[in-house]
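My entries follow in the order in which I looked things up.

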Amino acid sequence: MKAFGLALRQGFQKTIYPLVTTTTIGRAPDNTITVVHPTVSRKHAKLNLEGNSWVIEDLGSINGIVYEGRLVNKVRLSPGDTFQLGEADFYFFDMEVAQGKRQFSKTVELLLAAVEEETAPADRPETDQRLQRIQDMIARIPFLSSLDEDHCRQLVENAAFHVFDAGELIIRQGDLGGSIYAVLDGKVRVFTNDDRDNDLELAVLGPSDFFGETSFLSGELRSRSVATLETTLLAEFSFGTMRELIRKHPDVEKKLTAYHNQRLQDTARKLAEAREIIFADPED
């Protein structure tokens with residue numbers, strides 16, 4: 001059995017998108033793959049499985065699809081092909097997998113290969129140990145705790161995986177976005193601006209923590225910034241994937257809402273504390 005996917009590299013960030021069903025790419029947050037860049041249209045392109053082959057088709061974008069140096073409206077992809085949507089470069093790949101659970105394992109193994117490129121040999125655990133650790137982390141993500149193994153695996157097979165270097169910005173306050181991120185390895189800091197426009201740290205998140213639920217639930221712009229503290233591995237669940245999950249499992253939304261409300265209270269408290277410090281500042 002063959003599984004297919006897209007790899008996107010933006011600077012030091014590496015992203016792997018397993019292809020399971022019809023996949024849309026664009027700048028808007030409701031796409032399967034969201035690429036936030038001005039050269040990418042809101043609804044840029046669509047991938048469909050036609051027979052045994054994946055076909056990419058333009059959706060009336062401004063910059064079109066550039067395939068092998070030429071502008072195309074629709075093209076059938078072969079493993080190893082590359083194409084560009086604006087300034088976003090994609091690589092189409094396949095991999096041989098067995099039925100069932102092995103597909104998930106192979107997807108993660110491919111991701112681990114990307115992680116190994118960025119990690120010194122002395123810091124690398126054995127691949128099978130890391131693979132098991134990643135699967136365990138996914139099972140411990142709080143809002144997924146009610147899902148059985150099969151449903152959790154299906155969700156992850158539709159996720160995008162990201163590897164960020166230390167000090168990279170994942171989310172900027174004020175950005176568009178509706179996806180939710182789960183930390184599988186590494187650490188990130190969540191921060192906002194205080195009344196003096198200085199960074200105010202709200203939280204440090206590690207493996208099995210998640211972020212991004214505020215914009216997903218509210219439909220508003222990102223209310224906080226998130227940056228990596230070290231090399232970090234993330235799973236991203238798109239807006240569409242999360243809506244479908246909630247349709248089948250309404251309790252997921254209840255859990256996300258509960259975490260969201262608690263985090264709003266924590267943020268309000270820290271902002272109030274920061275204001276007290278400002279008002280007590282003798283320089284004022």
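Entry 1. I looked up valine 190 and found that its bridge partner in strand 18 is valine 226. Strand 15 and strand 18 run antiparallel and are joined by four bridges. I took strands as DSSP runs of E with at least two residues and helices as runs of H or I with at least four residues, both numbered from the N terminus. Two strands count as paired if DSSP finds at least two bridges between them.

Entry 2. I noted the conditions: this is a predicted model, local features need pLDDT of at least 70, side-chain atom pairs count only at pLDDT 80 or more, and totals for chains, interfaces and linings use all residues. Residues are numbered from 1 along each chain as its sequence is written, and side-chain values use heavy atoms, with hydrogens and water left out.

Entry 3. I followed strand 15 (residues 188–193) to its antiparallel pairing with strand 16, which has six bridges. Here valine 188 has leucine 205 of strand 16 as its bridge partner.

Entry 4. I then checked strand 13, which pairs with strand 18 in the antiparallel sense over two bridges. Leucine 169 has alanine 227 in strand 18 as its bridge partner.

Entry 5. What is the order of the four strands in this open sheet? I read 13-18-15-16, with antiparallel pairing. Strand 13 (169–171) and strand 16 (199–205) are the edge strands, and each pairs on one side only. From one strand to the next the twist averages 30°, with axes fitted as lines to C-alpha atoms and angles running from 0 to 180 degrees between N-to-C directions.

Entry 6. I looked at the side chains of strand 18 (residues 225–228): Ser225 and Ala227 point one way, Val226 and Thr228 the other way, and all are buried. Buried means under 20% relative accessible area, exposed over 50%, and partly exposed in between, with a 1.4 Å probe and protein chains only.

Entry 7. I turned to an open sheet of five strands, with the order 4-3-5-6-9 and mixed pairing. Its edge strands, each pairing on one side only, are strand 4 (33–34) and strand 9 (74–76). Strand 6 (residues 53–58) pairs with strand 9 in the antiparallel sense over three bridges, and valine 55 stands opposite arginine 76 in strand 9.

Entry 8. Which residues of helix 5 (residues 239–248) are buried? I listed Thr241, Met242, Leu245 and Ile246. They lie on the same side of helix 5 because they cover an arc of only 130° around the axis, taken from the directions from the helix axis to the C-beta atoms.
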